[in-house]
Amino acid sequence: ITFNDSTSPFVGGSYDVFIAKWGTDTCPQPSTGINCESPHSLSVLSTSQNAATLTWNKSVNATSYIVEWGTTGFNIGSGDTIITNDTSVTINNLISNTGYEAYVNSVCSSSDSSSHIGPEHFVTSPNSLALKAKGTELKIYPNPANNQLYVNYSNDGQKPPKEVVIYNATGSVVYRGVPQNSTGTLKVNTSNWPVGMYVVHVVSKTDYTQVRKVTITR
């Protein structure tokens with residue numbers, strides 16, 4: 001930096017000059033990549049015994065989307081995937097009466113993709129013949145629930161379920177209980193649970209699992 005006495009306001013007189021360091025030693029380089037935006041509003045449009053249709057809102061600059069899904073609680077990167085150019089997709093070959101969750105992220109280029117949105121939970125419809133063969137009737141009420149949730153099971157005189165497991169929206173276990181009566185009702189205290197959707201798994205002695213969704217409100 002050059003100063004001289006012909007440059008205003010440096011005309012005549014004496015001055016003190018201070019040089020201060022600002023920021024880092026290396027100036028940040030501007031990004032050459034695309035700001036890849038995540039899709040919005042992932043939701044389940046419909047489910048059946050062996051399929052589910054998901055939909056979402058498009059994101060800016062996205063050229064395609066990656067949909068990943070697995071059973072409740074799976075880790076991203078370990079599930080099944082579909083790449084699509086649309087903002088909806090139908091997932092086939094699912095297991096009936098099973099809880100799943102899905103994630104979606106945008107792809108903007110071969111080197112640029114967004115973070116995931118999700119999980120979006122869904123439960124495939126039960127196979128009515130299989131349920132009849134198991135001799136089990138399952139009722140969960142009230143739904144939506146507030147401070148108490150009741151899991152009513154009837155096994156036609158058979159042994160009670162092996163356990164009841166309830167997952168929150170992130171796939172974490174919030175409740176695990178072992179029913180004691182062959183025919184009866186299990187009461188679950190939900191007063192401290194955050195509002196939202198939960199997935200209830202009722203596991204039989206033969207490891208057959210019935211799955212239901214329930215919502216906690218306040």
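## Serine 106 and its surroundings

In this predicted model, the side chains of serine 106 and serine 59 are joined by a polar contact of 2.7 Å, a term for a pair of N or O atoms within 3.5 Å where, within protein, one must be able to donate a hydrogen and the other to accept it, and where residues adjacent in sequence count only if both atoms are side-chain atoms. Serine 106 belongs to strand S6 (residues 99-109), strands being DSSP runs of E with at least two residues and helices runs of H or I with at least four, numbered from the N terminus.

Because its relative accessibility is 0%, serine 106 counts as buried (under 20% relative accessible area, with a 1.4 Å probe and protein chains only).

Strands S1, S2 and S5 form an open sheet in the order S1-S2-S5, with antiparallel pairing (two strands pair if DSSP finds at least two bridges between them). Its edge strands, S1 (40-47) and S5 (88-91), each pair on one side only. Strand S2 (residues 52-57) is joined to S5 by 4 bridges, and leucine 54 has valine 89 as its bridge partner in S5.

## Confidence and conventions

The protein chain has a mean pLDDT of 79, with 75% of its residues at 70 or more, pLDDT being the predictor's confidence in each residue, from 0 to 100. Over residues 20-33 the pLDDT stays under 50, and the model has 1 contact beyond four places in sequence for this stretch.

Residues are numbered from 1 along each chain as its sequence is written, and side-chain values use heavy atoms, without hydrogens and water. Local features need pLDDT of at least 70 and side-chain atom pairs count only at 80 or more, whereas totals for chains, interfaces and linings use all residues.

Conventions. Buried means under 20% relative accessible area, exposed over 50%, partly exposed in between (1.4 Å probe, protein chains only). Contact means heavy atoms within 4.5 Å.
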